[in-house]
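Thanks for coming, everyone. Please put the model up on the screen, and then we'll walk through a few places in it.

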Amino acid sequence: MIIAMVIGHSYAPVAIKGFMCMFRMPLFFLCSGYCLKPEYQTDIRLYLKKRTKRLYWPFVKYTLFFMLLHVIFCQTEIFHIGGQGCVYDGFSFVDYLKMLCKVVLKMDEPEHLLGGFWFLRELFIASLMFAALSLVSVKKSALYVALLALVGLYMLFSVYDLKFYVFTKKTFLSCVFYFIGFLLRPCEFKKSGRLLFASFVVTCVVACFFPLTMDTKMTYLVVPCIAFALVGSFMALEVSMFIQSYNGALNRFLVYVGNHTLWIFVYHLVSMKLVSLFLIQIYHLEMSHIADYPTIKSEYVQSWGWMLYTIVGVGVPLALVYCKERLLSPRK
């Protein structure tokens, strides 16, 4: 899942990005809901404690850390001064205080190089809404009613382009996938070549002719968006089961990646700047392109550079966490 997200940020060819965007973010929410333990519906305090520790605290911690690095990013031209990502050459105490309040109270204003952190915010809000629903009722019927209400709110916010406190149309769609994931818990997914082939073909056809994402602006497409996101997610799950059945090096690597998803979330965009610097050197581009977000937009990137961005975006954070683990592990 996290590799698909990095590919989405790598300026991949339109066909590949359109294919990935059909399901990559919905899959995160579906799997989060699917892995949710049913006992959390009755032990709300433990559930909220774990969600706060795994979602809210990392968001606040890393956002504040990157805020402190903001001036360095501006001075090294990783951000354009006064341009996208760098509103100020330097923050005053009042600026920091305002941003601190937004981060702590609204999980808002993540630093530019933490663009993927919107997922942590939306997942945390979905967790809070699930906890609120569980306080009212733990019956499945309540979840189905909640799903209909969430779809209705999504359509309302989308039509009128509304935003209320932390709630946007994407918030409600994220909750829909999270709740669907929890409802799918009783289902046993088995390895099926036919299902894999069928879901792959459907996802490819829809992605080629009418790609749908969580950011779709056409309200009437919300139901097809949910349906085809589920198809794409089932395809990804089938692929993972086939890889797992062989239990080879690829499976072990993907398990290691999954166990360190947060590190890739945090550091993949910063790591991609190394590739941008490399492309600037070999193609003699202006140094100002180092600030291009998230990658340099050129034919070189879409032809082959996106693969290098993906490899570095995943590899560098994994190398960092591996070194950390080796340094902190007790020596024998």
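Start at phenylalanine 119. Leaving out residues up to four places away in sequence, Phe119 touches Met25, Phe28, Phe29, Ser32 and Phe265. Contact means heavy atoms within 4.5 Å.

A word on the source. This is a predicted model, where local features need pLDDT of at least 70, side-chain atom pairs count only at pLDDT 80 or more, and totals for chains, interfaces and linings use all residues. Residues are numbered from 1 along each chain as its sequence is written, and side-chain values use heavy atoms, with hydrogens and water left out.

Back to Phe119. The largest nonpolar core has 91 residues, and Phe119, Phe179 and Ile226 have the most contacts inside it. Such a core is a set of buried Ala, Val, Leu, Ile, Met, Phe, Trp, Tyr and Cys residues joined through side-chain atoms within 4.5 Å. Buried means under 20% relative accessible area (1.4 Å probe, protein chains only).

Next, methionine 107. Where is methionine 107? In the loop between α6 (93-106) and α7 (118-136). Helices here are DSSP runs (H or I, at least four residues), numbered from the N terminus. Methionine 107 is buried, because its relative accessibility is 4%. Beyond four places in sequence, its contacts include Leu55, Phe59 and Phe124.

Leu55 and Phe59 are among the buried residues of α4. Helix α4 covers residues 44-68. α4 bends by about 40 degrees at threonine 52. That bend is the angle between axes fitted to the seven residues ending there and the seven starting there.

Last stop: serine 271, in helix α13 (residues 261-283). Serine 271 is buried, at 5% relative accessible area.

Key. Buried means under 20% relative accessible area, exposed over 50%, partly exposed in between (1.4 Å probe, protein chains only). Helices (H or I, at least four residues) and strands (E, at least two) are DSSP runs, numbered from the N terminus. The expected span of a helix is 1.5 Å times one less than its number of residues.
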